[in-house]
Amino acid sequence: MEQELDDRISALPEPILQHILSFIPFKQIAQSSIVSKTWNMAWTSFPFLKFDREFFHDTEPKQQRINELYNFIERIVLNRHRQELYIQKFELYIPLQTLHQQGLLALVNSCIGYAIELNVKELNLYTESGHFSHYSLHQNVLVSKSITELCLYGCNLKLINSGDINLPNLKKLVFDTIPVNDQIIQNLVDGCPVVEDVRFSSCDGLESIKLSGISKLMALELGFNRKLKTVVLQASSLQSLKIKSSLKYPEPWRIFNMVTCKNLKKLLLYSTNAVTDRWLHKLLSELLLVEELCLLRCFMLERIKISGHCMKSLSFYSCQNLVEVDIDTPNLDNLSYNGQIISFSLKALKVLKVCLTFVGSFPETASHDKMIEFLRKSSDPKSLTLDISTAEDAIIPKELRQTLPSPSYNVKQLKLQLNEPPIMSGMNKLVDVLLWISPHLDGLIIEWGLGPVTSCMDNISFKFSYKKPIYKVENTNCCKLLPFPCWRHCLKTVQIESLRGSADKK
């Protein structure tokens, strides 16, 4: 039976076999060549050559084995070069210090050269330099007519003649941890007329960037370029912009101009001291088509107002000095907030999903009062996620529950995420509080971490079904502030499941 199944798989067309191979680690792909002649042919012409860090991960002892692995890589690439076989993607990890000590840099250059001669489409080079300078990039890389995706990590462009950069078919460009200057970047941009996705990260020496005349540029990411002072964007096709900086080296922009980017739809600003209340308001007033806005660790923000008919997703993460947010976005679908409980106002027709992470503890009733008010102003979504440190912090005092209406009575799916495991003896009380927050749930999940040094999660989930709602009940004290009877008057069944799949029906 197994032999018959193997024969049926081997009978598949070669492109399908290669598609299957693309889902497994490269070392196992090479091993598949011994299964049968069919698999060997599929391997021999396999167009995705991925010699990444994982490929070298189990190399022990490293100094002795790495020579053998690179000779193996050279044989594979050389064999394809001799047969003039097509290479779609060539990915290579370059541990520079080890290769320099063993005199293997010429071999690396040969492999890259062969890939370029075979018209490689996607070229990814990852350099680990250690105490050595960056790897000097092969001369032919930046004049390749075939490359459509170029990702360079830790390479050196000093030996490249900046006037010779010509990548006429490049669509995606990634530079990470590469020493550059403004002229190299400008010549690079000029030499990539059809580029759509550009990412410059940790490029030491980059002080000014001006992108203009790139008619197809759709996505730009500038991250952790600590000397960057001027950003000028003239790209009417740009739809996604991400700006990131570190707290240690905030980017002190003197000029940030993107007025012509009228079609921008996604904007992410991370840890940027240049983002003030006034700056953000002016920017958003000029970019009326933005649909997604994400603000992360923008510590200069204090009181902001965000409005727009196109806005569909808003995220605020760890903006520590933020004290007031006023949102007027009638078409908002998703809202995420991480921080202290602040003054909050939201005007939206129908938010589908809200995720709230409240940092700090709840030592006083006033804190729970503020949390309830925050929830009440979150537009009562269909799905709500609450991230709170402990189960004790999630317990809203009974006196508040008796005097205030449920803040999120239209929520159907509620998830509570805790940093610490809840005490099981208090689970009934916790569930009762959550059913007060949202008294007609279809599903409830309580999730928590298993310990301070593990990212594993455990959870318990509840699925509720209801009888036909009863609109006239004798005792309505529990739901007198609701537009409909709460779960106590119409609950039919509850299904309880743990992470391990045990279930209890009642």
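Start by selecting arginine 488: at 44% relative accessible area, Arg488 is partly exposed, a label for values between buried (under 20%) and exposed (over 50%), taken with a 1.4 Å probe and protein chains only. Keep in mind that this is a predicted model, where local features need pLDDT of at least 70, side-chain atom pairs count only at pLDDT 80 or more, and totals for chains, interfaces and linings use all residues. Residues are numbered from 1 along each chain as its sequence is written, and side-chain values use heavy atoms, with hydrogens and water left out.

Arg488 and Asp432 form a salt bridge, with 2.8 Å between the closest N and O atoms; the term asks for a side-chain nitrogen of Lys or Arg within 4 Å of a carboxyl oxygen of Asp or Glu. This pair ties together distant parts of the chain, 56 residues apart: Arg488 sits in the loop between strand 25 (457-466) and strand 26 (491-498), while Asp432 is in helix 13. Helices (H or I, at least four residues) and strands (E, at least two) are DSSP runs, numbered from the N terminus. Asp432 is partly exposed too, at 24%.

Next, pick Asp204, Arg226 and Lys227, which salt bridges with shared partners join into one network. Zoom in on Asp204 and Arg226, whose closest N and O atoms are 4.0 Å apart. Asp204 has a relative accessible area of 36%, and Arg226 has 37%. The whole structure holds 13 salt bridges.

Another one is in helix 10, where Arg376 and Glu373 lie three residues apart, about one turn of the helix. Their side chains meet at 2.5 Å, N to O. Both are partly exposed: Arg376 at 45% and Glu373 at 30%.

Follow the chain on to serine 378, in the loop between helix 10 (365-376) and strand 22 (383-388). Is Ser378 buried or exposed? Ser378 is buried, with a relative accessible area of 2%. A polar atom of its side chain lies 2.8 Å from the backbone oxygen of Phe374. Show its surroundings and you'll find that Ser378 touches Phe344, Leu346, Val354 and Leu356, leaving out residues up to four places away in sequence; contact here means heavy atoms within 4.5 Å.

Time for the core. The largest nonpolar core has 151 residues, of which Tyr70, Phe90, Phe175, Phe200, Phe316 and Ile446 touch the most other members. Such a core is a set of buried Ala, Val, Leu, Ile, Met, Phe, Trp, Tyr and Cys residues joined through side-chain atoms within 4.5 Å. Helix 13 (residues 427-437) gives the largest share of this core, eight residues. Center on Tyr70: its contacts beyond four places in sequence include Phe56, Leu92, Tyr93 and Ile94.

Then color strand 17 (residues 313-317), where four of the five residues are buried. Strand 17 runs parallel to strand 15 (residues 292-296), with five bridges joining them, and parallel to strand 19 (residues 334-339), again with five bridges. Two strands pair if DSSP finds at least two bridges between them. Click on Tyr317: Leu296 stands opposite, and in strand 19 the bridge partner is Asn338.

Last stop: helix 2 (residues 14-21), where Leu17, Gln18 and Leu21 are buried. Look down the axis of helix 2 and its buried residues fall within an arc of 100 degrees, so they line one face of the helix. That arc is taken from the directions from the helix axis to the C-beta atoms.

Note on methods:
A polar contact is a pair of N or O atoms within 3.5 Å; within protein, one must be able to donate a hydrogen and the other to accept it, and residues adjacent in sequence count only if both atoms are side-chain atoms.
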